[in-house]
There are 2 protein chains.
Amino acid sequence: MPTIMRSMNVISRCSNIYKTDKLRLDDIGGCHHAFIFTICRNPGMSQDMIAKEICLNKSTVTRTLGYLEERGYITREHDEKDKRSLLVYPTDKMLAILPSVRAIAAEWNEALADGIPEDELEIFRSVLVTMQKRAMELAVSDTDNEQSNKGAR
Amino acid sequence: MPTIMRSMNVISRCSNIYKTDKLRLDDIGGCHHAFIFTICRNPGMSQDMIAKEICLNKSTVTRTLGYLEERGYITREHDEKDKRSLLVYPTDKMLAILPSVRAIAAEWNEALADGIPEDELEIFRSVLVTMQKRAMELAVSDTDNEQSNKGAR
């Protein structure tokens, strides 16, 4: 049996492939969906908070936000209260794709759980939430580590 | 309650942060661990098969293998039987870090499941394997889609 982590990583990567394909946009991949949800739900959130929310290191978040800004999906403004901090806002272009992104995510979640008995799903969800909490604790001391997630991907 | 996919993605990203931090190498991140396992387990596997095995699109795999080759972790050779195909081999440098990569993965898997009752874990694993199979079916028609996973990340 594959390890828990290997299975989760495979599901996560398949989800990216599926979502990229379904959205049919040249410049938005499955890997951007978490950014779209976070930014649309929290207009004006700082870059650092987005990194914490999505659980990515700051340099990856800065790079991806630069990519989204160049393509007109977000704007960034310096925080009046803290000039070092950049606040992120969705543009109309991002808000326009949100319903599709949401529908694709719902479709994927539904397909993933389809046919699995509700009592098993309930246990699954509860274990998953425990694991998520633990994962965030284990990685939390390192979220400011600019070395994380480095490399070519 | 967060959706199943959101939780899995968060766990996956936290795992990357944790693994990058624990390995303490400037040029290897958590995102490379799946490559290291696959390449060391299957020396001489083709790039295309690696893409299928890890569930990433070919362009991401080509880019990451280029990164690993530049840093001396792999070598690539043209397949004698099919000149268009590139076969990938781990170098001594990659084999040397494999025990650490393996130990960190085991440590993470153990920490993630620690304290969760065995009967719940059993159901969890079984549901996860069903979902993994389904995810691979849903994404399989798109694994050759070079548009997948595009973007800044």
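Predicted model: local features only at pLDDT ≥ 70, side-chain atom pairs only at ≥ 80, totals over all residues.
Which helix of chain A lies across β1, β2 and β3?

Chain A contains six helices and three strands. Along the sequence, these elements follow the pattern α-α-β-α-α-β-β-α-α. Of the 153 residues in chain A, 54% are buried. The accessible surface amounts to about 7,100 Å². Carbon and sulfur atoms account for 50% of that surface. Contacts were also sorted by sequence separation. Among those between residues at least 6 apart in chain A, 56% link residues at least 24 apart.

The three strands of chain A form an open sheet. Their order is β1-β3-β2, and the pairing is antiparallel. Strand β1 of chain A spans residues 45-46 and is an edge strand. Strand β2, residues 74-78 of chain A, is an edge strand as well. Each of these two pairs on one side only. In general, strands of a sheet pair through backbone hydrogen bonds, in either a parallel or an antiparallel sense.

Strand β3 of chain A covers residues 86-90. β2(A) and β3(A) are joined by five bridges in the antiparallel sense. Within this pairing, A:Thr75 stands opposite A:Tyr89 of β3(A).

The helix in question is α2 of chain A, residues 33-41. Helix α2 lies across β1, β2 and β3 of chain A. Relative to β3(A), helix α2 runs at about 100°.

Note on methods: Residues numbered from 1 in each chain as written. Chains lettered and ligands numbered in written order. Heavy atoms only, no water. Helix = DSSP H or I, 4+ residues; strand = E, 2+ residues; numbered from the N terminus. Buried < 20%, exposed > 50% of the residue type's maximum accessible area, 1.4 Å probe, protein only. Contact = heavy atoms within 4.5 Å. Areas by Shrake-Rupley, 256 points an atom, 1.4 Å probe, with all protein chains shown as cover. Pairing = 2+ DSSP bridges. Axes fitted to C-alpha atoms, helices over the stretch in contact; angles between N-to-C directions.
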